[in-house]
Amino acid sequence: MRHLDERISDLVDDRLEHDERDRALVHLTVCAHCREAVDLERDARNALRSLPDVAPSEKLLSSLLALAEPGEPLPPAPPSSATPAPVAGWRPRDSRPPSGPSGARPGARSARRVRAVRVVALGMCTTGAMLILLASLGSTGNSPGTPDTPVSVVPPLEQFTVEHARSTGGLPFVEPASLLVTTDSSTGDGW
Amino acid sequence: MSLGNRVGHGRTGGLAALVVPVLAMPLLVGALAVFVQAVPATSRDVGDDPWAVQLLRQSAAAGEHVSYSGTQYVSTWSALTQSAASTSAVVQVRHAAGGQTEISLHDRQSAILDGRTASRWLAGEDPADLLLGAYTVRVAGEDAVAGRYTTVVEAFRSDGSVAARLWLDRETALPLRRESYTTDGYTLSASAFVTIAIGGPATCCKTADGVDPAVDSRDDSMLRWDDIEDLREDGWHCPGSLGQGMDLYEARRVGDAIQLSYSDGVMTVSVFEQSGWLDPDQLDGYDTADFDEGVVYTRPGPPARLTWSSDGRVITVVAEAPLDTVRELLEQLPPDPVASQEEKKDGFFDRIGRGADRVGSWFNPFD
């Protein structure tokens, strides 16, 4: 069986997954070499923890603070054709406190609420404007009377009666009776 | 019966002109009824009388080659109410051979009727075919009208009832007197010449330059059978017949409406189709009648006028015919249920839907 090697540090620091840790412990029962290496690792770790705190020197602090001050202008940007710098495909784990009712700060929560209200109000206004625009386009007053568009109709009865009378002019055995109820608008120019 | 209700507006300017036609008309009607012997309706149903057929064909063509002028009384009753309500008047008639007919009411109001040659005739070759196709005809006797000898021809329905009586001039075959009846013998219309002069000027109803604008404007609006087929494909109803021999003989556009003219040779019905729906709130002066689940709005007239909404169209009927023909039309194009009409109110959401359709049509390359 393979020795633990680089996994010894993870085992000592308790960073192995559950199954991996079980397999490592089983290996330690049968491998004296790895047991010795683990003991050495633990001893070194305990020794480091037992050291007293070391205060940084004034010079070191001033050097670190100087790094935070504005420096020289940035170098020109590389050409767009240049190969982008490789970036890690991962990001550090978020170490901020979890958000939620108990974790969110009151100021941030209020700002998010205001922003949400604004978004909702803007959406409602946009939707209302769209509906009003569609309603104005669909009103019967300004829409063309295409055959497929239902419109309110008031039949011009007097005109229809006159047209009916005229249509009977070619019939030899029909009375011109509907002429009797026609209006002055039916008056012909005559001869 | 309100005789001369057109006269009563004082348009003629003289009392004599008001009184004489009012008194003359009932006297004429009564006198003519006494001198003409009616033939019992039950005595027929033996096929067309060839002599009557010949007379009717001559009469239908008489206007093509005979000019005349005269005074005629016209009376019509409403097919809706079948009451005493009627309209009557004495009119001046002037006709030019092969041309138009001008009918003047008290020398003030006039109308020009086009002859058959001015329309796109859709019902066969001869106007007499309408009557001969719908009725059985026979010669009933002889009579005198306006001092001229006439032959009386009767048109019978299949049930034996008389639909019309025609007094045809022996010399010219012109119809000098006409009467039409409903199935129960109720008089629907009547007219007769009081005086008539055969011959006269060869021109009638022309403007100074000899061009009649009425004919020109009608030619563009006339529809042929091909046009009617296209309209049907676009959703217009355009029935070819109303039943009972009422066949489509002329169709044309009137503004945004389609006018369909039907006749059986004696009765006439005009059907006007418009796109849209009928808004009852905008209808004033109409009576209402229920038909199935819908409502028909009526004006008794005469002539009887009815209008209703049917499947996205507004149907308006002007009828000088028994109501049976209109009932058949109502069965073909039933009025929309009342609930459906209420739903067609021009509400906010209806407008939104139509607006969305319009916006969609802007981006539709195939629209």
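This is a guided tour of a predicted two-chain model, stop by stop.

**Before you start**

Residues are numbered from 1 along each chain as its sequence is written, and chains are lettered from A, with ligands numbered from 1, in the order in which they are written. In this predicted model, local features need pLDDT of at least 70 and side-chain atom pairs count only at pLDDT 80 or more, while totals for chains, interfaces and linings use all residues; side-chain values use heavy atoms, with hydrogens and water left out.

**Stop 1: chain A**

Select chain A. Six helices and one strand make up its elements. Helices (H or I, at least four residues) and strands (E, at least two) are DSSP runs, numbered from the N terminus. Follow the chain from that end and the order is α-α-α-α-α-β-α. Chain A has 191 residues, and 25% of them count as buried. Buried means under 20% relative accessible area, exposed means over 50%, and partly exposed lies in between (1.4 Å probe, protein chains only). Accessible areas come from the Shrake-Rupley method with a 1.4 Å probe; for residues, only the protein chains shown count as cover. Now look at contacts, meaning heavy atoms within 4.5 Å. Among contacts in chain A between residues at least 6 apart in sequence, 37% join residues at least 24 apart.

**Stop 2**

Two packed helices are described by the angle between their axes and the distance between the axes. Axes are lines fitted to C-alpha atoms, for helices over the stretch in contact; angles run from 0 to 180 degrees between N-to-C directions.

Select residues 18-30 of chain A, which are helix α2, and residues 32-49, which are helix α3. Their axes come within 6 Å and cross at roughly 115 degrees. That makes α2(A) roughly perpendicular to α3(A). Angles under 35 degrees count as roughly parallel, over 145 as roughly antiparallel, 65 to 115 as roughly perpendicular and the rest as oblique.

The crossing of these two helices, α2(A) and α3(A), is left-handed. A crossing is left-handed if the near helix is turned anticlockwise from the far one by less than a right angle, and right-handed if clockwise.

Show side chains. From α2(A), His27(A), Leu28(A), Thr29(A) and Val30(A) meet Ala32(A), Cys34(A), Arg35(A) and Val38(A) of α3(A). By class, this contact of α2(A) with α3(A) has five nonpolar residues, two polar and one charged. Ala, Val, Leu, Ile, Met, Phe, Trp, Tyr, Cys and Pro count as nonpolar, Asp, Glu, Lys and Arg as charged, and the others, Gly among them, as polar.

**Stop 3: helix α6 of chain A**

Select residues 157-167 of chain A. This is helix α6, and eight of its 11 residues are buried. Among the buried ones are Phe160(A), Glu163(A), His164(A) and Ser167(A).

**Stop 4: chain B**

Switch to chain B. It holds eight helices and 18 strands. Of its 367 residues, 52% count as buried. Chain B exposes about 16,000 Å², and carbon and sulfur atoms supply 52% of that. Residues 24 or more positions apart account for 57% of the contacts in chain B with a separation of 6 or more.

**Stop 5: two helices in chain B**

Select α2(B), residues 50-62, and α3(B), residues 127-134. They pack at an angle of about 150 degrees, with axes 8 Å apart. That makes α2(B) roughly antiparallel to α3(B). The crossing of α2(B) and α3(B) is right-handed. Val53(B), Leu56(B), Arg57(B) and Ala60(B) of α2(B) meet Ala128(B), Asp129(B), Leu131(B) and Leu132(B) of α3(B). The contact of α2(B) with α3(B) has six nonpolar, no polar and two charged residues.

**Stop 6: Gln259(B)**

Select Gln259(B), in strand β12 (residues 257-263) of chain B. At 0% relative accessibility, Gln259(B) counts as buried. Which residues does Gln259(B) touch, not counting those up to four places away in sequence? From chain A, they include Glu163(A), His164(A) and Ser167(A). From chain B, they include Glu250(B), Arg252(B) and Phe272(B).

**Stop 7: two positive phi values**

Select Ala173(B), in the loop between β7 (162-169) and β8 (175-181) of chain B. Its phi is positive, about 70 degrees, although Ala173(B) is not a glycine. Then go to Asp311(B), in the loop between β17 (304-310) and β18 (313-320) of chain B. Asp311(B) has a positive phi near 55 degrees. Buried or exposed? Ala173(B) counts as buried at 5% relative accessibility, whereas Asp311(B) counts as exposed at 58%.
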